[in-house]
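The entries follow the order in which I looked.

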Amino acid sequence: MSPAKVLITGVTGFIGGSILSHLLSRSRESGQLEISVLARNDNRAKAYSSENLNVYVIRDLDDYAAIKAAAAENDIVIHTASGYHQGSARALIEGLAVRKSKDAKAQVYYIHTSGTSNLADHPISGTYLEPREFSDKNEDLYTYLKIREGIEQYAQRTTDLVVIKAGKEGNVPTTIIMSPTIYGVGSGKFNRLTIQYPRQMKAAMEGGRAEYVGDGQGVWDFVHILDLAALYEIILMDWVTGQRAVPVGETGILFSGTGRFTWKEVAEGIGKAGLSLGKLEDAETRSISLEEAANKWVGGDKQLCELGFASNARTTAEIGKELGWKPSRTRKEWEQSFLEEFKELLKKDDSL
């Protein structure tokens, strides 16, 4: 049996790079996968060519024709480059539809990377409150996303709905992995850090204190990047081996949280790590306004700041565990990760 042709996007990033390294370490002996990557035309793309990986070069995520053409030469796409970019997601799905139209036996499949800020509320502004905890099993998440999108447009949620619709239109099975805060140092070749905590760490060093929004009592989930990479492998191999137990389409939305935290606890972790590394004078934290946090962390985008740094987004990842996913990192590793990520941030940027 010939290997499944898998295209991974976002491989120079935190999630995609870690998934790629994980799959390469696990798949080269089995011969079940033929992995290609999609990358911008720069020196980083050349680094993957030197590892005997097939590299599809694009100008950027708006390079619709090139992205679609790359997907049309593969059976499966794992899209991690951006959860907020509708055009690239649609181009990849349409490319898989082209492949299927040319080869009726092609077993095409699309795996999309998203986040639980899609479900998050607005406890600071008070415009929308969400007390519930979501499960990825026996719950109509698709309808919920449509309702929320009708109330308030949010680019990542909009893209998820586009993914499901485009998959249905092109007869391409889709699964969305909706992750919470992803922590830990990744295993990719280039970017080894997530987005959320490093932004807060930089702001803490600039302002002299770790900060949180409002009372900091918003509750989110977390997952370690290497545990998450293992979940992607399970979902991928479920399709490759023909098990097909993973839901697709309107029911194909999976969570990946393994533990829970409050945003004030994040500030406390950053404060302690910054103090131990001599980057902060003390480990004290302080509350700031949503507007101030938005300006410091996300370029003034108050919607993104509240949904991604101050909200409630509680989920239960049931489907992955039923498939055999066994995440091994605990809250202890989450607490230790602040120091590890702070060190990686300092190593990455000598100016800090």
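**Helix packing and pockets**

I note that H7 and H9 are oblique to each other, and I keep in mind throughout that this is a predicted model. The angle I looked up for this pair is about 55°, with the axes of H7 and helix H9 (residues 263-276) 10 Å apart; angles from 65 to 115 degrees would have counted as roughly perpendicular and those under 35 degrees as roughly parallel, so the pair falls in the oblique class. For handedness, I recorded the crossing of H7 and H9 as right-handed.

I then listed the residues that meet: from H7 they are Gln 196, Tyr 197, Gln 200, Met 201 and Ala 204, and from H9 they are Trp 263, Val 266 and Ile 270. Sorted by class, this contact of H7 with H9 holds six nonpolar and two polar residues, and I found no charged residues in it.

Next I turned to H1 and H8, whose axes come within 9 Å and cross at roughly 60°, which makes H1 oblique to H8. I noted a right-handed crossing where H1 passes H8. On the H1 side the contact is made by Phe 14, Ile 15, Ser 18, Ile 19, His 22, Leu 23 and Arg 26, and on the H8 side by Ile 225, Ala 229, Ala 230, Tyr 232, Glu 233 and Leu 236. By class I have nine nonpolar, two polar and two charged residues for the contact of H1 with H8.

I went on to the pockets, and for the largest pocket I wrote down a space of about 1,000 Å³. It is lined by 43 residues, of which Ile 15, Thr 80, Ala 81, Tyr 84 and Ile 195 are the closest to its centre. Looking for the elements behind this lining, I found that at least two residues each come from helix H1 (14-27), strand E2 (33-40), strand E5 (109-115), strand E8 (181-183), helix H7 (196-207) and helix H11 (302-309). The classes in the lining of the largest pocket are 19 nonpolar, 20 polar and four charged residues.

Last, I looked up the second largest pocket, with about 340 Å³ of space. Its lining has 18 residues, and those closest to its centre are Met 1, Ser 2, Pro 3, Ala 4 and Asp 75. Strand E1 (4-9) and helix H8 (225-240) are the elements that give two or more residues to this lining. I divided the residues of the lining of the second largest pocket into seven nonpolar, five polar and six charged.

Technical notes:
Residues are numbered from 1 along each chain as its sequence is written. This is a predicted model: local features need pLDDT of at least 70, side-chain atom pairs count only at pLDDT 80 or more; totals for chains, interfaces and linings use all residues. Side-chain values use heavy atoms; hydrogens and water are left out. On a 1 Å grid over the protein atoms alone, a cavity is a set of points where a 1.4 Å probe fits but cannot get out, and a pocket is an open set with protein on both sides within 12 Å along at least five of seven lines; lining residues have an atom within 4 Å of a point. Grid points are joined across faces, edges and corners, and a volume is the space filled by probe spheres set on the points. Helices (H or I, at least four residues) and strands (E, at least two) are DSSP runs, numbered from the N terminus. Ala, Val, Leu, Ile, Met, Phe, Trp, Tyr, Cys and Pro count as nonpolar, Asp, Glu, Lys and Arg as charged, and the others, Gly among them, as polar. Axes are lines fitted to C-alpha atoms, for helices over the stretch in contact, and angles run from 0 to 180 degrees between N-to-C directions. Angles under 35 degrees count as roughly parallel, over 145 as roughly antiparallel, 65 to 115 as roughly perpendicular and the rest as oblique. A crossing is left-handed if the near helix is turned anticlockwise from the far one by less than a right angle, and right-handed if clockwise. Contact means heavy atoms within 4.5 Å.
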